[in-house]
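Open the model in your viewer and keep the selection tool ready.

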Amino acid sequence: MGAILEVNLLSPITLAFVLGVIARLVRSEFSLPRDVYAGLGIYLLFALGLKGGVELAKASWGVIVLPAVITLALGCIRPLTSYAVLRRVGGLGVSDSAGIAAHYGSVSAVTFIAAMSFAAGMDTPAEGYMPTLLALLETPGIAIALTIGALKMGGSRNTREVMHEVLTGRTLVLLVGGMAVGYVSAPEAWAQVAPFYDGAIFKGALVLFLLEMGVVAGERLNDLRQTGAFLVAFGIAMAVIHGLLGAAAGAVAGLGVGGTTVLAAMSASASYIAAPPAVRLTLPDANPTLSLTASLAITFPFNIIVGIPLYYQFASWLVR
Amino acid sequence: MEPAVLTRLRLVTIVGETVLRERLTRQLLEWGATGYTVTPSSGKGSRGIRTGDVPGEGLRIEAVVDSSTAERILSGIAGLYFEHFSVIAWVSEVQVVRGDKYVRP
């Protein structure tokens, strides 16, 4: 474990993230221009979708059925475990619990990308269809948590608006859309653009993106004083529990060590892009500071620095 | 050159959370506005709530309307959003050229 942790800690991805956090803590005026940040995010998601689609075209559909079903089941469980812990252990109210559970039922695309890159770096690249699994994990996760909240709070009239928000969010459109484009692209035509989407440019962009993610996460650290110790413990414990659950699911689904690591990291992650607007619209009385601080200031840094190597360890124990 | 004919109308300004963009602009038209302008904005208020992927990002919506529409918009917004969302709204008096452009026939 120590050696794997060291590999991760000394990777430019992790170090750039830490630099971003430090830049924020010393109140540096540095931050990536908003449009550059958004553009890099779009590039990374679309590149992963494209590569996933190209790989999927090489695989047979039969291979993906079992992992898809298991991931869908995992997606249904995660919001329920989160909600139960928040309500029972944390004693939080219905709206706040459901709001945070929606974040932990969803997936952080950046954690996913970092885990994909880590698995590739360990010479155990994940299966090509992983972006499909992300979509399957994320969608039921948000929907279930919001439904719990809406039911307990006496019904919401905005189901259509929220589902539109979730399904047309940039993560799903770029990943799933990219997969479709990659899947049907002629191999010779893909080969012409592949150097832009695969390889050095992709990895370099990821480092730059993580630098800004550090700034974004660092901005949230101040809110920790306000949100309290339970949320810190929750953000870490939930990541480890969901990571273990995801690793077990990956092993049962027959994924390799890389794929299992990535599924575990996805399962351990919490959204801060797709979930917040959906939660804000459905559960307006849930405090967004709680959910955003937990997912951005605690779970995300934990996963990037310690979590991904830990899930790799889980995966190498569980996968035969 | 003829002097411009000015009409007294109301400028409704709403400052709020970005997630409300679709809802607010749809409702403005339903309440009788003939158009609106949306600009990104940032700042801090009593709630200090920052939401969405870009913390601190908000929006400012402006519409020139007649006074009864302005009242309808303000009371609608007060009823729907003031309790749970970071939204503020105000009305100011403005003088515009081509006044009929802003009023539904």
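Predicted model: local features only at pLDDT ≥ 70, side-chain atom pairs only at ≥ 80, totals over all residues.

Residues are numbered from 1 along each chain as written, chains are lettered from A and ligands numbered from 1 in written order, and side-chain values use heavy atoms, without hydrogens and water.

**Helix crossing.** Select helix 3 (residues 34–58) and helix 9 (residues 170–184) of chain A; their axes come within 6 Å and cross at roughly 35°. Helices here are DSSP runs (H or I, at least four residues). The crossing is right-handed. Show the contact residues (heavy atoms within 4.5 Å). Among them are Ile42(A), Leu45(A) and Gly49(A) of helix 3, and Leu174(A), Gly178(A) and Val181(A) of helix 9. The contact residues divide into 13 nonpolar, 6 polar and 1 charged; Gly counts as polar.

**Largest cavity.** Now select Gly41(A), Leu44(A), Ala109(A), Ile113(A), Thr171(A) and Phe209(A), which are among the lining residues of the largest cavity. A cavity is a set of points on a 1 Å grid where a 1.4 Å probe fits but cannot get out, and lining residues have an atom within 4 Å of a point. About 80 Å³ of space lies inside the largest cavity. Helix 3, helix 6 (109–121) and helix 9 of chain A each give two or more residues to the lining.

**Aromatic pair.** Finish on Tyr43(A) and Phe196(A). Ring centres must lie within 6.5 Å to pair, and planes over 60 degrees apart count as edge-to-face. These centres are 5.1 Å apart and the planes stand at 65°, so the pair is edge-to-face. Tyr43(A) lies in helix 3 and Phe196(A) in helix 10 (residues 187–197) of chain A, so the pair ties together parts 153 residues apart in sequence.

Conventions:
Axes fitted to C-alpha atoms, helices over the stretch in contact; angles between N-to-C directions. Left-handed = near helix turned anticlockwise from the far one by under 90°. 1 Å grid on protein atoms, 1.4 Å probe; cavity = no way out; pocket = protein on both sides within 12 Å on 5 of 7 lines; lining within 4 Å. Points joined across faces, edges and corners; volume = space filled by probe spheres on them. Phe/Tyr/Trp six-rings, centres within 6.5 Å; stacked < 30°, edge-to-face > 60°.
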